[in-house]
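Here is a short briefing on one protein model.

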Amino acid sequence: MQTADSISLTNEAVAVNNISIEGIEDPTLLRYFQTLNAGEFEQTAALFAAAGAMHPPFEAAVVGQDAIAAYLQAEAQGMQLFPREGIAQLLEDGQLMVQVSGKVQTPWFSVNVAWLFLLNSEREIASATIKLLASPQELLNLRR
């Protein structure tokens, strides 16, 4: 449970890093976006549970902190994430389900994105699914 002091500190950290997600105050998720934008992929991967999984668009799941860090190092260079708003739902088992919408800017293109996170009761990322929100034609234009 967050206290007024932790929420205040979270909001200050968000302001410093220019990350503000309407409706989301969870420090793990804010840190996810902050570390990814800073290219701190080891720190991003450390936010995941030991058996946590990242589900990138059009690819198999990447499981485990070391594999996630390696994947991000290879695939996320130069990306900037711009999360806009989100909704969070506390599940009966203590997990937190969060959906965030926003945009990702890469050196080659920009695309609207939805992130779906599942945080375990320790507030580690158990699962992060990234979905591109684009028309079929826009997706064809994104091919490398």
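β3 and β4 run antiparallel and are joined by 10 bridges. The model is predicted: local features need pLDDT of at least 70, side-chain atom pairs count only at pLDDT 80 or more, and totals for chains, interfaces and linings use all residues. Residues are numbered from 1 along each chain as its sequence is written, and side-chain values use heavy atoms, with hydrogens and water left out.

**Sheet**

- Helices (H or I, at least four residues) and strands (E, at least two) are DSSP runs, numbered from the N terminus. Two strands count as paired if DSSP finds at least two bridges between them.
- Met 97 stands opposite Leu 118 in β5.
- The sheet is open, with 6 strands in the order β2-β1-β6-β5-β4-β3 and mixed pairing. β2 (62-63) and β3 (80-90) are at the edges with a single partner strand each, so one side of each has no neighbour in the sheet.
- β1 (residues 48-55) pairs antiparallel with β2 over 2 bridges. Ala 53 has Val 63 in β2 as its bridge partner.

**Helices on the sheet**

- Helix α2 (residues 27-37) packs on the sheet and touches β1, β3, β4 (96-105), β5 (110-119) and β6 (125-133). Contact means heavy atoms within 4.5 Å.
- The direction of α2 makes about 140° with that of β5. Axes are lines fitted to C-alpha atoms, for helices over the stretch in contact, and angles run from 0 to 180 degrees between N-to-C directions.
- Helix α4 (residues 65-75) lies across β1 and β2, at about 40° to β1.
- β4 has a covered face of Leu 96, Val 98, Val 100, Gly 102 and Val 104. Its uncovered face holds Met 97, Gln 99, Ser 101, Lys 103 and Gln 105.
- Asn 37 belongs to helix α2. Its relative accessible area is 19%, so Asn 37 is buried. Buried means under 20% relative accessible area, exposed over 50%, partly exposed in between (1.4 Å probe, protein chains only).

**Core and aromatic pairs**

- The largest nonpolar core has 32 residues, of which Tyr 32, Phe 33, Met 54, Trp 115 and Phe 117 touch the most other members. Such a core is a set of buried Ala, Val, Leu, Ile, Met, Phe, Trp, Tyr and Cys residues joined through side-chain atoms within 4.5 Å.
- The structure has 5 aromatic pairs. Rings of Phe, Tyr and Trp (its six-membered ring) pair if their centres lie within 6.5 Å; planes under 30 degrees apart are stacked, over 60 edge-to-face and the rest tilted.
- Tyr 32 and Phe 33 have ring centres 5.1 Å apart and planes at 85°, so this pair is edge-to-face.
- Tyr 32 and Phe 117 are also edge-to-face, 5.0 Å centre to centre with 80° between the planes. This pair links helix α2 to strand β5, 85 residues apart.
- Ring pairs join Tyr 32, Phe 33, Phe 48, Trp 115 and Phe 117 into a cluster.

**Salt bridge**

- The structure holds 1 salt bridge, defined as a side-chain nitrogen of Lys or Arg within 4 Å of a carboxyl oxygen of Asp or Glu.
- Glu 40 and Arg 31 form it, with the closest N and O atoms 4.0 Å apart.
- Glu 40 is partly exposed at 29% relative accessible area. Arg 31 is partly exposed at 37%.
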